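Q: I would like to learn how to read the features of a protein model step by step. Could we work through one example together?

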Amino acid sequence: MTTLGLMFLLKRLNQPYLIAYIIAGVLLGPYVLKLFNNTEEIEIIGEIGILLLMFFIGMEINIPSKKSLIIKPILAQGIKIVLSFLFAYCIGKILDLNNKSVLLIAILFTFNSTAVVVEFLKKHGTLNTAFGIVILNILLLQDLLLAPTLTVLKFWNGENFKIFNFVLPLAICIAIFLIFRKIRHIRQIKFSSTFLENDHDLQVFSGLFICLGFGLVAETVGLSAALGSFIAGVLVGKVQAFNWLEHSLMPFKVFFVSLFFVSIGLRLDIHYLLSNYKLIVIGTLVVLISNSIMSAIFFRLLHFKWRDSFYGGALLSQTGEFGILALSIAYKTNMVEYELYKAGLGITCLSLLFSTLWINFGTYFKAPRDKEILHKKTS
């Protein structure tokens, strides 16, 4: 009832439903109505929504055949990492933070929210444009960076460093690249599955097995589960017999994605936010503005127009769900103090909440003519 009421309200205000989900989490959480006190349970369920979301993206996306659509994201993410570390170093000097805290801040600036960005790319009709594919590939590269990032955090805390944790994900990524290169020109793979056509129960559980199974395998070998489900979506999208998957799993995707954003709202500590509102608000604005500027700079360096660069900067303005994961690991391994953990969590959650409004503002930088051009530049 809470979520539905907020959705009706935001629909009248022409705002995305993501805001409704996060606000619902805040209202139902341990600091307002106290209906849900154990946020970790819903957080785990919500992660299934990210897997389903990435699975659907994989089914819809076309594998780019132009080298520029592959090279540009690599250059863009490389530039962003350099700028993130420089910016984190400046913050560390101003606030007199130690090296571990500076590293964590740089990690927060490196990762964006795939769920938020993709939802807006689909809403604005730019997911399958050249510009949209570059942004999507940047997000996928961030997924690839998750495993080595978490390894560095654990190693810095004193755990034994294992070169195997780097080599195995790298080898698998190369194998995935070669597979994608092989199938990018194949429109459809013919595969007969008459026993699935009229069995809806079997369709649902077969689809969930494919999506979640690939995610589990990817996480086991050191990659992110979201990347695994995306790969499953790309492969399944090429098989003609699995066209039913989109219809059978769509309700699950909507429900679980909403739970993911509800879990973000549940993690917002209202008492801490109110008692430290100046720090949190200033920190959130710094994240949104600095991330937007850094992202706009590297888009411009890649020869995109200033209008598109500012729009891309708005899309990549927030810190994402992987940032929350990095914060949790850093706190549990005593890398950062409790105060920095709570502040980082509050800033990350608010940046996800306010980025939806920020992105809507960023759409004004795009001229109608530019939108038409981008729609024609499909892969």
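The dialogue below takes up several features of this predicted model in turn.

Q: Which salt bridge does the structure hold, and what is the general idea behind such a pair?
A: Side chains of opposite charge can pair when their charged atoms come close. The structure holds 1 salt bridge. In this salt bridge the side chains of D269 and K342 meet, at 2.9 Å from N to O. The pair links distant parts of the chain, for D269 belongs to the loop between α11 (245–266) and α12 (270–275), while K342 belongs to helix α16.

Q: Is D269 buried or exposed?
A: Buried means under 20% relative accessible area. D269 has a relative accessible area of 13%, and therefore it is buried.

Q: What phi does G125 take?
A: G125, which comes just after α6, takes a positive phi of about 70 degrees.

Q: How many residues of helix α6 are buried, and which are they?
A: Helix α6 (residues 114–123) is mostly covered, as 7 of its 10 residues are buried. The buried residues in α6 are T114, A115, V116, V117, V118, F120 and L121.

Q: Which residues make the nonpolar surface patch?
A: Nonpolar side chains are joined into a patch within 5 Å, provided that the residues have over 30% relative accessible area. Here Y277, V281, L285, I289, I293, I297 and L301 make a nonpolar surface patch of about 630 Å². One of these residues, I289, is found in helix α13. With a relative accessible area of 38%, I289 is partly exposed.

Q: How do α13 and α16 lie relative to each other?
A: One considers how closely the axes approach and at what angle they cross. The axes of α13 and helix α16 (residues 338–362) come within 9 Å and cross at roughly 55 degrees. Angles under 35 degrees count as roughly parallel, and those from 65 to 115 as roughly perpendicular. The two helices α13 and α16 are therefore oblique to each other. The crossing in which α13 passes α16 is right-handed.

Q: What separates the C-alpha atoms of L108 and L325?
A: L108 and L325 are 217 residues apart along the chain, and their C-alpha atoms are separated by 9.8 Å. L108 is part of helix α5. Its relative accessibility is 12%, so L108 counts as buried.

Q: What separates the C-alpha atoms of V204 and E246?
A: V204 and E246 are 42 residues apart along the chain, with 10.0 Å between their C-alpha atoms. V204 lies in helix α9 (residues 200–220). At 16% relative accessibility, V204 counts as buried.

Definitions and conventions: Residues numbered from 1 in each chain as written. Predicted model: local features only at pLDDT ≥ 70, side-chain atom pairs only at ≥ 80, totals over all residues. Heavy atoms only, no water. Patch = residues over 30% accessible without salt bridge, like charges linked within 9 Å, V, L, I, M, F, W, Y side chains within 5 Å. Areas by Shrake-Rupley, 256 points an atom, 1.4 Å probe, with all protein chains shown as cover. Salt bridge = Lys/Arg side-chain N within 4 Å of Asp/Glu carboxyl O. Helix = DSSP H or I, 4+ residues; strand = E, 2+ residues; numbered from the N terminus. Buried < 20%, exposed > 50% of the residue type's maximum accessible area, 1.4 Å probe, protein only. Axes fitted to C-alpha atoms, helices over the stretch in contact; angles between N-to-C directions. Parallel < 35°, antiparallel > 145°, perpendicular 65-115°, else oblique. Left-handed = near helix turned anticlockwise from the far one by under 90°.
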